[in-house]
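Open the model in your viewer and get ready to click from stop to stop. At each stop you will select something, then read what is there.

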Amino acid sequence: MNFDQDKLIDMALAARSNAYTPYSKFKVGASILLKDGTYITGCNVENSSYGLCICAERNALFQMIAKGYTKEDAVAFCIVGQTDEPISPCGACRQVMEELLKPNTPVVLTNLERKVKVMTVAELLPYSFSGDSLK
């Protein structure tokens, strides 16, 4: 399915503006486009007890699940942050994307200058550990 990459980026940028980052000052936004045209967004939220922080990517993905959507509903995913090159998600977020998105879901990685790199979930986490690994 085709998608409006600029709108996906705009939604992630809007989510980024809500980030709560008093410690790192590193704001990140994420957006997911769903088949029904809905956008779900997330931002990173920090806490003085650092282990309690959540990345924008996981925030958006967990909201997708909480709203009753599944990986079958996701069309595309986007992440934006203030980096020189397109942002790269952390390992924990890559693992969650592997679980909650299909392997061929496009992931738009970008920065504030809208430099873009598009990869699939499978390309972001090759030879991944999945639920199938537990069988």
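**Stop 1: helix α2**

Start by selecting α2, where Ala56, Glu57, Arg58, Asn59, Ala60, Leu61 and Met64 are buried. Keep in mind that you are looking at a predicted model. What covers the buried residues of α2? Colour β1, β2 (39–43), β3 and α3, and you will have elements that are included in that cover. Then step just past the end of α2 to glycine 68, which takes a positive phi of about 95 degrees.

**Stop 2: helix α3**

Next, select helix α3, residues 91–100. Its buried residues are Cys93, Arg94, Val96, Met97, Glu98 and Leu100. Show the surroundings too: these buried residues pack against α2 (56–66), β3 (74–81), β4 (106–111) and α4 (121–124).

While you are on this helix, click glutamine 95, which is also in α3.

**Stop 3: the nonpolar cores**

Now for the inside of the model. The largest nonpolar core has 23 residues. Select Ile32, Leu61, Met64, Phe77, Met97, Leu101 and Val107, the members that touch the most other members. The elements giving two or more residues to this core are β1 (28–34), α2, β3, α3, β4 and α4. There is also a second, separate core of 10 residues, and Leu8, Tyr39, Cys78 and Val108 are among them.

Go back to isoleucine 32 and show what surrounds this residue. Setting aside residues up to four places away in sequence, isoleucine 32 touches Leu8, Thr38, Tyr39, Ile40, Ala60, Leu61, Met64, Ala74, Ala76 and Phe77.

**Stop 4: valine 80 in β3**

Move along to strand β3 and pick valine 80. Valine 80 counts as buried because its relative accessible area is 0%, and buried means under 20%. Which residues does valine 80 contact, leaving aside neighbours within four places in sequence? Select Ala12, Leu13, Arg16, Lys27, Val28, Gly29, Ile87, Thr110, Asn111 and Leu112 to see them. For another distance, draw a line from valine 80 to alanine 60: they are 20 residues apart in sequence, and 13 Å apart from C-alpha to C-alpha.

**Stop 5: asparagine 111 in β4**

One of the contacts of valine 80 is Asn111, so let that be your next selection. Asparagine 111 is found in strand β4, and at 0% relative accessibility this residue counts as buried. Where does its side chain reach? Look for the backbone oxygen of aspartate 84, at 3.0 Å from the side chain of asparagine 111. A polar atom of that side chain also lies 2.9 Å from the backbone nitrogen of lysine 115. Not counting residues up to four places away in sequence, asparagine 111 touches Val80, Gly81, Thr83, Asp84, Glu85 and Pro86.

**Stop 6: the largest pocket**

Rolling a probe the size of a water molecule over the atoms shows where empty space is left. The largest pocket has a volume of about 220 Å³. To find its centre, select Phe26, Val28, Asn44, Cys55 and Glu57, the closest to that centre of the 15 residues that line the pocket. Which element gives the most to the lining? The answer takes you back to α2, which gives three residues. Colour the lining by class and you will find 10 nonpolar, two polar and three charged residues.

**Stop 7**

Finish with two selections away from the helices and strands. Lysine 25 lies in the loop between α1 (5–16) and β1. Lysine 25 has a positive phi of about 65 degrees although it is not a glycine, and this residue is exposed, with a relative accessible area of 60%.

Then go to tyrosine 127, in the segment after α4. Its phi is near 50 degrees, again a positive value in a residue other than glycine. Tyrosine 127 counts as exposed, at 87% relative accessibility.

Definitions and conventions
Residues are numbered from 1 along each chain as its sequence is written. This is a predicted model: local features need pLDDT of at least 70, side-chain atom pairs count only at pLDDT 80 or more; totals for chains, interfaces and linings use all residues. Side-chain values use heavy atoms; hydrogens and water are left out. Buried means under 20% relative accessible area, exposed over 50%, partly exposed in between (1.4 Å probe, protein chains only). Helices (H or I, at least four residues) and strands (E, at least two) are DSSP runs, numbered from the N terminus. Contact means heavy atoms within 4.5 Å. On a 1 Å grid over the protein atoms alone, a cavity is a set of points where a 1.4 Å probe fits but cannot get out, and a pocket is an open set with protein on both sides within 12 Å along at least five of seven lines; lining residues have an atom within 4 Å of a point. Grid points are joined across faces, edges and corners, and a volume is the space filled by probe spheres set on the points. Ala, Val, Leu, Ile, Met, Phe, Trp, Tyr, Cys and Pro count as nonpolar, Asp, Glu, Lys and Arg as charged, and the others, Gly among them, as polar. A nonpolar core is a set of buried Ala, Val, Leu, Ile, Met, Phe, Trp, Tyr and Cys residues joined through side-chain atoms within 4.5 Å. A polar contact is a pair of N or O atoms within 3.5 Å; within protein, one must be able to donate a hydrogen and the other to accept it, and residues adjacent in sequence count only if both atoms are side-chain atoms.
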